[in-house]
Amino acid sequence: MYTSFRLSHPLKSNYLVSQFRCCPVTRSARPRHPVRQYSVTQEQATPLRRSYLYVPASSDRMLQKSLVTGSDVIIYDLEDSVAPSEGDKDDARERLIEFLTARLLYESKTAEGSDELLHPSRIAVRINSIHTPFFERDIVSILTIPSVRTLVLPKVHSVEDLETVTDAMEAFGRAKGTINLVASIESAFALHNVGAIAAWRSVYGPEKGGELRALLFAAEDFCADTSIIRTPTRQELLYPRSKIAVTAKAFGLEAIDMVCVNYNDLEYLRNECADGRRLGFSGKQAIHPSQVGTIQSTFVPNEQEILRAAKIVHKMAQAHADQKGAIGLDLGDKKGSKEMIDAPMLKQAEKTIQIAQATGLPIPTLS
């Protein structure tokens, strides 16, 4: 029997895929020309998360400055950017709670749409790891803030670490609303276990125990753990970056690339962003507001990529109407060179169009 079903995808695209069940069928029972159909619409576009800006919770000045940043996600940090003493950790936690609670009250009193910079979808908090005495206090306190929907979990080395987090969330978490979790891969052991980490699901379900949404690569911690020596070429990090990005995609997670510590050199940052995008990362961490614009402009398709994608979608639609599964696309090199385009390349083109739509970039109309 010939059936159709829809597959979900992180970018919300719907692919109508044909499949034959494993049962005897007659030749006449099969459709003559099964067609794999694709559609790209503006309604399918979802907000992108390209830039993840760290903001130290210990600084009132930086907390206030975060209100005017254009970063897709703001990570309010209770971990590495806060001094390690108990007093400093407690002060930073209380400062962040007061700041986010005050902003929540302000938002409730203002007109709808007047200030979307602190929309819950853009707020994340990096708590201290489960291996510290501050973890439980962080969980208990931060989960009382309704606007916090994402927790960045540092030093996730194994599934057991995630189980510790989800147990705490079930015990101390709020009654309603899913908390998104981002697992930070920071060690050789974590990279060894990254497949199991990516496959993890809370035994309490997403609403009580959280839902893993992304893998994040903490390069400096990883190098400290593995004795890898950093170089400007980044060649020494090709393997861990590739493994994290591919594993994230295998389990439908976002992949967040490493921090560029040289925040004054925006050209180097742009090169590193382009490198990460080629490897399959969906976004990148930032440690300074000046990095945000470069990250956001690099983790999107350029004009040439969008035009090529639009041509592929347009010409493949014509090919499917003519009951053809592949076409030759002119490379435009004035030599008559062509490349073969079929279903996998159509999928790539549709993803390009979807990202462009989500960013508000113009899509050329072809006839």
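The legends below describe close-up views of a predicted model. Residues are numbered from 1 along each chain as its sequence is written, and side-chain values use heavy atoms, leaving out hydrogens and water. Local features need pLDDT of at least 70 and side-chain atom pairs count only at pLDDT 80 or more, whereas totals for chains, interfaces and linings use all residues.

**View A. The closed barrel of eight strands.**
The barrel runs β4-β5-β6-β7-β8-β9-β10-β11 with parallel pairing. From one strand to the next the twist averages 30°, with axes as lines fitted to C-alpha atoms and angles running from 0 to 180 degrees between N-to-C directions. Strands are DSSP runs (E, at least two residues), numbered from the N terminus, and two of them pair if DSSP finds at least two bridges between them.

**View B. Strands β10 and β11 of the barrel.**
Two bridges link β10 (residues 254-257) to β11 (residues 283-286) in the parallel sense. I256 has G283 in β11 as its bridge partner.

**View C. Strands β12 and β13.**
β12 (residues 327-330) has I327 and L329 on a covered face, with G328 and D330 on the uncovered one. In a regular strand the side chains alternate between the two faces of the sheet. β12 and β13 (residues 338-341) run antiparallel, joined by four bridges. Opposite L329 stands E339 of β13.

**View D. Cysteine C273.**
With a disulfide taken as a pair of cysteine sulfur atoms within 2.5 Å, the count is zero. C273 is in no disulfide, and the nearest cysteine sulfur, that of C260, is 7.3 Å away. C273 is buried, at a relative accessible area of 0%; buried means under 20%, exposed over 50% and partly exposed in between (1.4 Å probe, protein chains only).
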